[in-house]
There are 2 protein chains.
Amino acid sequence: NAIADYRTFPLISPLASAASFASGVSVTWADGRVSPFHNLWLRDNCPCGDCVYEVTREQVFLVADVPEDIQVQAVTIGDDGRLVVQWDDGHASAYHPGWLRAHAYDAQSLAEREAARPHKHRWMQGLSLPVYDHGAVMQDDDTLLEWLLAVRDVGLTQLHGVPTEPGALIPLAKRISFIRESNFGVLFDVRSKADADSNAYTAFNLPLHTDLPTRELQPGLQFLHCLVNDATGGNSTFVDGFAIAEALRIEAPAAYRLLCETPVEFRNKDRHSDYRCTAPVIALDSSGEVREIRLANFLRAPFQMDAQRMPDYYLAYRRFIQMTREPRFCFTRRLEAGQLWCFDNRRVLHARDAFDPASGDRHFQGCYVDRDELLSRILVLQR
Amino acid sequence: NAIADYRTFPLISPLASAASFASGVSVTWADGRVSPFHNLWLRDNCPCGDCVYEVTREQVFLVADVPEDIQVQAVTIGDDGRLVVQWDDGHASAYHPGWLRAHAYDAQSLAEREAARPHKHRWMQGLSLPVYDHGAVMQDDDTLLEWLLAVRDVGLTQLHGVPTEPGALIPLAKRISFIRESNFGVLFDVRSKADADSNAYTAFNLPLHTDLPTRELQPGLQFLHCLVNDATGGNSTFVDGFAIAEALRIEAPAAYRLLCETPVEFRNKDRHSDYRCTAPVIALDSSGEVREIRLANFLRAPFQMDAQRMPDYYLAYRRFIQMTREPRFCFTRRLEAGQLWCFDNRRVLHARDAFDPASGDRHFQGCYVDRDELLSRILVLQR
């Protein structure tokens with residue numbers, strides 16, 4: 001029976017007993033946990049070959065095709081330890097106890113699963129930077145996984161020993177997945193240009209920001225690869241936006257709420273494009289945790305909101321920007337040739353000091369990879 | 001003075017008078033409207049060459065760099081009709097009355113702007129399908145714009161006269177922007193395959209669904225291009241998910257709320273990838289309007305939620321799926337060689353009848369383009 005999944009589910013505890021109730025089956029495990037499973041849920045998750053297509057491991061059964069009051073005729077625990085359900089329409093389903101436990105939705109199981117979610121390690125100026133060797137990441141899957149977990153959980157990493165050839169980012173990004181293209185290209189070159197279409201392509205400083213806040217989905221990862229850095233100035237500074245958001249929540253809760261609740265517009269225009277996105281600076285997920293930071297002061301449209309709210313919003317916005325400059329949050333380092341930054345662009349804000357383009361060459365290349373691709377690659381490497 | 005914008009702002013009404021108040025400037029227009037502008041807002045939006053870099057049209061001034069209680073020393077209306085503000089720190093700013101009116105945030109101006117937002121044309125089985133000629137779209141920007149507006153506002157369009165060459169989608173998509181790559185490729189081929197890694201690549205029917213609900217950002221547009229369709233069966237059916245959501249809201253409000261409020265997990269796994277996304281089937285924007293539909297029954301993980309909620313959620317989920325099958329919503333048409341569908345994949349659900357692979361060849365190619373790119377292209381074409 002092909003369960004539509006590429007994982008195996010260890011037997012945490014065998015099934016001790018099972019009994020049907022009005023709209024489902026109640027299971028008691030050998031370790032004492034009790035889990036209810038509703039009839040429609042069980043029927044929907046039947047793993048048999050008629051319900052799931054073995055080749056694609058995708059469901060062909062559709063739960064809307066059985067009566068909503070489908071009944072259990074008999075429920076037993078099989079010799080092989082599976083939960084066996086006979087349905088009133090003649091269909092039979094058998095569920096592996098490891099799989100069933102991994103998907104149980106009693107309160108204890110839900111809480112256990114919630115607690116097991118990876119948590120972000122917030123950091124401030126004293127960050128111990130995760131550094132990896134480019135060659136090891138390219139050749140060794142264990143090192144690759146270690147690096148990607150640091151990207152996911154710390155959000156700022158560095159690789160050393162990177163070839164100083166243009167395009168070296170392409171095979172590296174391919175170790176994760178395809179590159180996310182933007183109007184700036186598949187790879188973008190960061191150097192001072194006379195006819196710049198972005199402040200990034202000038203020599204002046206860039207305040208702490210996330211890239212492409214004008215897109216509905218900001219790029220998940222950003223790579224910045226140093227080919228040459230002989231100009232005076234141009235240090236990189238990073239702050240953990242999640243750490244700042246948390247400090248703001250504690251130190252100025254009203255300002256925090258305004259930044260979470262007020263959508264503001266980001267805009268980026270040039271001769272060929274006109275990108276706009278309206279979203280809050282701090283986005284929360286459904287459980288109230290910070291999911292992302294969206295901020296680039298130089299890509300903001302004029303604020304539009306109820307006039308009563310405007311002055312308070314400005315104070316909250318200024319407060320956040322002032323916090324990004326506080327030494328307690330700032331991690332500063334000069335990137336040298338053959339090194340690269342890889343960071344979570346939806347969490348970690350980055351900045352560049354002004355540099356003197358007359359004092360020497362400075363050439364970086366960058367690219368983006370989406371968060372979906374990072375998480376998928378981690379899950380595959382962990383199989 | 002370079003305002004950081006590529007649009008011109010017509011003079012809707014000249015300025016009649018201006019007076020400062022404690023924390024801002026109140027403007028009265030010739031047509032009687034009164035608009036308050038706060039000091040920080042005005043200072044933040046100064047368009048002068050010191051505050052905005054003319055080449056990139058991006059702001060270099062940062063509002064956090066002036067005192068929060070910055071004061072207006074004098075405010076006048078210049079001979080050229082601009083609002084001129086002298087600041088207490090010696091800086092001076094001048095604002096064009098067309099620009100100022102377009103960005104005013106008094107209640108009337110905000111309501112006016114809200115009313116001008118493009119609205120979606122919901123449709124049911126009687127849709128008058130927008131059809132365009134491929135050659136005209138490729139050569140003529142006016143036809144291109146007309147087609148893209150139909151994609152944005154109707155969500156389902158067809159092009160005729162498309163070359164039946166593989167890869168013909170690439171130059172067409174380029175009329176909008178770059179293609180969004182996925183694990184299925186830049187272009188994907190839809191035909192029956194023995195070793196399919198998706199139910200799409202089989203000959204059986206696919207129920208109404210959106211593509212890639214396992215990604216945080218579902219692709220905005222989907223193209224499906226018919227190269228050959230000689231097999232029996234395989235008709236395309238479409239429904240407007242926004243029309244169904246609206247009907248559900250009226251006919252079963254409790255079910256509607258459950259689908260809006262309950263995040264469920266979508267999963268897509270194969271040997272090389274493992275994508276997961278947890279989000280509600282119906283997503284609302286900040287003003288409570290439906291923003292997107294996310295649904296592919298064959299890519300669902302087992303539902304996980306509070307056991308009290310599970311049976312009601314199943315009834316709501318079944319109800320939505322049953323509605324997608326109701327004839328009142330279904331628009332069905334067979335796609336012939338040299339035609340293509342282009343539709344809003346975050347709104348319009350699509351389905352395919354089973355076909356008989358022994359009865360003849362069936363070969364489609366598809367690709368995705370993100371919504372950000374569509375909207376940017378429309379704005380540039382409208383300049």
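Tutor: Strands (E, at least two residues) and helices (H or I, at least four) are DSSP runs numbered from the N terminus. The model is predicted, so local features need pLDDT of at least 70 and side-chain atom pairs 80 or more, whereas totals for chains, interfaces and linings use all residues. Residues count from 1 along each chain, chains are lettered from A and ligands numbered from 1 in written order, and side-chain values use heavy atoms, without hydrogens and water.

Student: Which residue of chain A forms a salt bridge with Asp44(B)?

Tutor: A salt bridge needs a Lys or Arg side-chain nitrogen within 4 Å of an Asp or Glu carboxyl oxygen, and 6 such bridges are found across the interface of chain B and chain A. In the one formed by Asp44(B), the closest N and O atoms are 2.8 Å apart, and the partner is Arg300(A).

Student: Which element gives the most residues to the side of chain B that touches chain A?

Tutor: Several elements of chain B give two or more residues to that side, among them α1 (39-44), α3 (107-115), β17 (274-279) and α9 (310-324). With 8 residues, the element that gives the most is α9(B).
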